[in-house]
Amino acid sequence: MVSSSKDEPGSDGENSSGNVPESNSECIFVSGEKVLAYHGPRIYEAKVQKVEFRKNEWKYHVHYLGWNKNWDEWVGMDRLMKHTEENVLKQQALDKKAGVDKNAKSWRSSQVKPKSSSDSKLDNEETKNNVSKGKKRKADSGIEKNNSGAEKLLKIQIPSTLKKQLVDDWEFITQQNKLVRLPRSPNVEDIIAKYLDYRSKKDGTKTDAVGEILKGLRCYFNKALPVVLLYKKEREQYNEAVSENVTPSNIYGAEHLLRLFVKLPELLAYVKIDEETLIRMQQKLHEFLKFLQKNESTFFLATYDDPKIMGGSGKGKDN
């Protein structure tokens with residue numbers, strides 16, 4: 001895994017004392033403060049260890065509570081929230097959205113991501129059980145280490161506005177009993193085509209690397225959608241909308257595609273990917289997410305529909 005724990009802001013030799021905070025720049029968090037921090041699609045308890053002003057913004061070095069210090073990292077203000085009752089409820093809502101489930105632990109290693117407080121007890125028990133087993137397999141430990149996908153976990157940082165889309169998505173479906181009207185326009189195929197056209201105009205040429213990554217993204221979306229990307233309330237709609245001759249990428253849109261980025265690190269955790277390819281993939285996926293964010297008003301629905309009004313389970317013409 002490519003860890004960001006050592007990547008301090010300005011590590012290229014820039015001295016933090018060279019930047020002076022502007023009068024309207026406020027340091028919201030202080031050293032030693034307990035906070036809630038975004039890491040990927042979830043929120044975790046953390047503690048601010050250092051505060052520095054670099055490159056015209058405040059940076060905070062955080063330690064995720066209950067996790068090895070190797071996960072410590074520098075983050076911006078947009079990744080942190082005050083540890084309040086309201087924000088703890090938001091943390092719990094995102095846990096539900098991300099499908100945090102005791103029965104779903106086969107998808108992740110106990111050290112794939114920083115723990116939320118609800119994970120700690122289970123992981124501690126697993127650690128104790130694995131210690132004795134690990135001693136018996138000491139002779140094979142080198143093989144296990146080389147094959148560990150957790151060490152090369154894909155790290156996807158979802159922009160804050162898209163994180164809000166995920167929360168709204170969860171609320172529309174689980175709390176308001178609404179559904180996305182299908183088929184969507186633009187659908188996933190349309191979005192990928194638009195992005196390839198955008199990259200072609202921006203770079204002056206089509207790059208095979210981007211095309212291959214998006215081809216893989218489409219494949220994972222079509223395979224993962226019915227397995228891990230749907231809420232229970234959406235399954236009837238899926239059965240009505242998708243047939244043997246129709247792939248999900250031609251029916252679903254940005255709302256469900258964004259969910260894939262939540263699950264993608266887990267889906268790829270044990271795929272053998274060399275470090276250079278992993279870094280390049282992270283960069284290309286981050287650029288694609290920025291494209292989604294830039295076209296948020298075009299790609300995402302502002303609200304979902306009541307299945308009773310749409311008729312059936314929500315299949316109909318997409319306006």
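Helices (H or I, at least four residues) and strands (E, at least two) are DSSP runs, numbered from the N terminus. This is a predicted model, in which local features need pLDDT of at least 70, side-chain atom pairs count only at pLDDT 80 or more, and totals for chains, interfaces and linings use all residues. Residues are numbered from 1 along each chain as its sequence is written, and side-chain values use heavy atoms, with hydrogens and water left out.

**Helix H5**

- Helix H5 covers residues 188-203. At 1.5 Å a residue, its 16 residues should span 22 Å, and the end C-alpha atoms are 22 Å apart, which agrees. The expected span is 1.5 Å times one less than the number of residues.
- At the start of H5, a side-chain oxygen of Asn 187 comes to within 3.0 Å of the backbone nitrogen of Glu 189.
- Gly 204 follows H5, with a positive phi near 85 degrees.

**Strand E3 and its partners**

- Seven of the eight residues of strand E3 (residues 57-64) are buried, so E3 is largely enclosed by the rest of the structure.
- Strand E2 (residues 42-54) pairs with E3 in the antiparallel sense over eight bridges; pairing takes at least two bridges found by DSSP.
- Val 48 stands opposite Val 62 in E3.
- The hairpin of E2 and E3 has two residues between the strands, and Lys 55 there takes a positive phi near 50 degrees.
- E3 also pairs with strand E4 (residues 73-76), antiparallel over four bridges. Here Lys 59 stands opposite Gly 76 in E4.

Definitions and conventions
Polar contact = N/O pair within 3.5 Å; in protein donor to acceptor, adjacent residues only side chain to side chain. Buried < 20%, exposed > 50% of the residue type's maximum accessible area, 1.4 Å probe, protein only.
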